[in-house]
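Hi there,

Here's the structure I promised to pass on.

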Amino acid sequence: MTNSKLVVGIYSFGGCDGCRHEILNLGDALLELLGKYNVTIAHEPLLGYVDEKEEYDVVFIEGSITSESEVKKLVELRSKSKVLVALGSCSFLGGVPALMKDLKEGVAKNLTNAPIGKLVNVVPIGKYVKVDYWLRGCPINNVEFLTLIKKLVEGKFFRQGERRFDFCRTSVVNVNGKLLNLDGEKCIVCGRCVSVCSNLGVNALGIINRGIDIAVSTPFQEPLDNTPCISCGLCAAYCPVGAINYMNNIQLIQDMLRRGEKLIAYLEYEALAALAESEEVHPGKLITAIKELGFDKVVLWTPLAEVRPSTDLSIVPMSYAEHKYITQFYPDLKKYLTQPPATRIPYRAVLITQCVSRKVYGDYVLTAREVQTMLRSLDITELEPTDPDHIYRPSIYGYLRAVGPYELRGVLEAVRRGIIKTGAIVTYICPNGCLMGGGQPYSRLPFEVCVECRENYYDKLLKTYLTL
Amino acid sequence: MSLSIQSKVDRVFGHLEVQVDLRDKDVKTKFVVMDDLRFFEHVVIGRKFTEVPYIVSRICGACSIAHFLASVNAVEDALKVEVSEDVMMLKEVMNKIQIAQNTVVHLYFLAILDYLNSRNLNELALSKPELVKSAIILNSLCLQATKLLAGRIVNPNTYVVGGFTKNLTKEVLEKTVKTLDKAEKVARELIKPIIDLDLPRLEDPEPHYVVLDPPTGYLSMSDYIVGSDGVRFRKSEYLNYISEGVSEYSTSKYCLYNGKTFFVGPRARLLAFSERLSGVSDIVGHVREELKNPFANLKAKAVELLYCIANSKEVLSSLKGRDLNIRTDVKVRAGEGVGVIEAPRGLLIHHYRLNDQGIITYANVITPTVMFSKHVEVATKSLSKKLLEEGVSLTEVEAKVGALVRAYDPCLVCAVHLEVRR
């Protein structure tokens, strides 16, 4: 079969064979592939092809990898094949077999003579080998399979990951130059970033195209700077696979600490509460832990300490994000806006915050998620709790809080109509405020429980530290 | 000359190896399932009852609807949900169309190749273009009907515990009936080559079987199971009669009925209830004598293919005239339930225990392939002994053994859901 345009192997591991059943169900179109398109299927036992070739043009992997011997087989197939395609949710994401993650040899110990190797935890096959294309779904849409093969026959080799985030393939996307880091290879097009963005009413991201060309993109694939993006960072917070990430400063700060520079950590109340929840420790222990990282002093800080509202009506943005949101969507209310806080943090102080948007101001900002990563080397539960070296208190009291997009929009409409005429309005664009901001640490809890738990911690923090 | 065969059986769902050891006078055979362990019975524990049918339908891509329905039946049994007559009939139709579709795939794309000297579908398409063409047409018609009723071909999504999520309008039912009408015409012609096949002769060494026992009709839902020895028992008592064991060499378990090797599936159904097959009695007469032969499972399947399509068409035609009651309210409560169904490959049992919040605390699934796995071994043994006495070559033995195993239509991805207990 030297004149064949494409030599295909379909290999099945731990799965339900539903995707292969779908391929079989192609019927006429499958025979057309074999005839008109001159595709050779070398290995697909379900259809009666049992050759093991030394070289493939395309290998399709169906099912999850559940044992060590299969990992070996997979790596071998990758080396034999020009293109490797993950077929369906099981191989692409782990699928239903990934649900058995807490299950080990214990259950399977009676099966020692069975032809299986040592079991491994099921992870997406992208962890083991480089994957060129993903056909999504449980089961796959067999038309997508057909389209992909036809494209490959025509020699249109493209890497699907390169199509994702089409608007920013060459460099890091920025608002001011250095905020988001996008990795199309990781994107699974789940659409969480798109839905969180549209919930805010910003709609900077959307899903474009269908089938194998599906991608997350901005309107008309404009650079992110030209879109309404307010750099809140929620897309990064809710990305389940780390395809959208903000630039992290861990290396920079760690180098400075290693050089013995005396840095002061400006720790936000919300960041401390969220870290305490996600690490499940007493907040005092976290303060000790941050000092263990090499910080000279830990200061408890809140943006509200800097707010100087005018006597008239003033709208206080908690960060650059709210500032941009209001200037963009409510330009008539711009005159009431005060400057976003965090501009007066002293030189060589590191801000630890829940807010990705504060990263716009400078390099010395760490989000709670980055701190969580840095703390991984420490055993926090063993530490003795300490109090912060200094506590900044809010400079304003008795203000109106507008938390989340819906409340914010309501309050701004009220201002526009002249219902609210005086006082200070503190605005938060993130749903549930800074506690669930874009830089939040990873929590083990489900969303609702996590919000409640963090609010409890926050209330406790305010009670303890503000009365000191 | 090597006297043992280790044959990887292709053209089955999953990975299977059949080992025949001929060194001894007493031939040893092994049915070795090599699919990955997936422990579905463990995975569903701690899950809400609403999620379970959707998870377990992923046990098998070929017969996902059967798993889905058995699971739904079990949950409905546990929650004491009484679905309406209409829903019951629609469920039966869904199952029958699924059986028909699975049968088309198995007979014309996988099994018939053994008798027509083809190794794969493409070769068959070149040598018998007409046959393949009409098989593909029949398959796509069955798929269309499945899509109309179940939403998707693999892993259905129009049904939840308690009833259908969408109203099956008159138009949908009419469209389905039309599709099935076309399918029936194709099927009537298409099953002829199967009915006329000259099968290898083999006397069933262990002629015990177990089938679902509906009060009326063929392939209907029922709460009772009956064995070939005439013992009839409620589905909740299945553990007293059907015992599971762990095989040492395979990733699948095996089953015994009262300590005896048994089989399930189309041949068993036809042996038990062939007189109930209305409309296709002329064809049943042709195959009845052969049913003792395990190879005749193919012919039984062909009969069922025609019956399923014709009967589904009839039932849907009777339903399309009236308003359907398609949904029943579900109240969460603690309970235990068993769901049984005649899947394409035979009897399928799902068994769950729920706590008062509707969370699964115990699950057991016994699939048809697990049930007949010992029977395949016994039949293979008897076949290879017979062939050896006739003095045929080892390659011939291997081919015949492969054909026999394929006649059972084993589904190995179904077989490996097992969890080992105690």
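This is a predicted model: local features need pLDDT of at least 70, side-chain atom pairs count only at pLDDT 80 or more; totals for chains, interfaces and linings use all residues.

The predictor gives the complex an ipTM of 0.91 and a pTM of 0.86. For chain B, the average pLDDT is 89, and 98% of the residues score at least 70.

Now chain A. It has 468 residues, and 44% of them count as buried. Its secondary structure comes to 16 helices and 18 strands. If you put a box around the C-alpha atoms of chain A along the principal axes, you get roughly 85 × 55 × 40 Å. Among the contacts in chain A with a separation of 6 or more, 76% are between residues 24 or more positions apart.

Next, zoom in on chain B and find helix 6 (residues 129–150) and helix 7 (residues 170–190). Their axes are 9 Å apart, and the two pack at an angle of about 155°. Since angles over 145 degrees count as roughly antiparallel, that makes helix 6 of chain B roughly antiparallel to helix 7 of chain B. The crossing of these two helices is left-handed.

Which residues meet there? On the helix 6 side of chain B they include B:L138, B:L141 and B:L148, and on the helix 7 side B:V172, B:L180 and B:V186 are among them. The residues of this contact between helix 6 and helix 7 of chain B divide into 14 nonpolar, 4 polar and 3 charged.

Cheers

Key:
Residues are numbered from 1 along each chain as its sequence is written. Chains are lettered from A and ligands numbered from 1 in the order in which they are written. pLDDT is the predictor's confidence in each residue, from 0 to 100. Axes are lines fitted to C-alpha atoms, for helices over the stretch in contact, and angles run from 0 to 180 degrees between N-to-C directions. Helices (H or I, at least four residues) and strands (E, at least two) are DSSP runs, numbered from the N terminus. Angles under 35 degrees count as roughly parallel, over 145 as roughly antiparallel, 65 to 115 as roughly perpendicular and the rest as oblique. A crossing is left-handed if the near helix is turned anticlockwise from the far one by less than a right angle, and right-handed if clockwise. Two residues are in contact if their C-beta atoms, placed from the backbone, lie within 7 Å. Ala, Val, Leu, Ile, Met, Phe, Trp, Tyr, Cys and Pro count as nonpolar, Asp, Glu, Lys and Arg as charged, and the others, Gly among them, as polar. A residue is buried if 20 or more other C-beta atoms lie within 10 Å of its own, exposed if 12 or fewer, and partly exposed in between; C-beta atoms are placed from the backbone.
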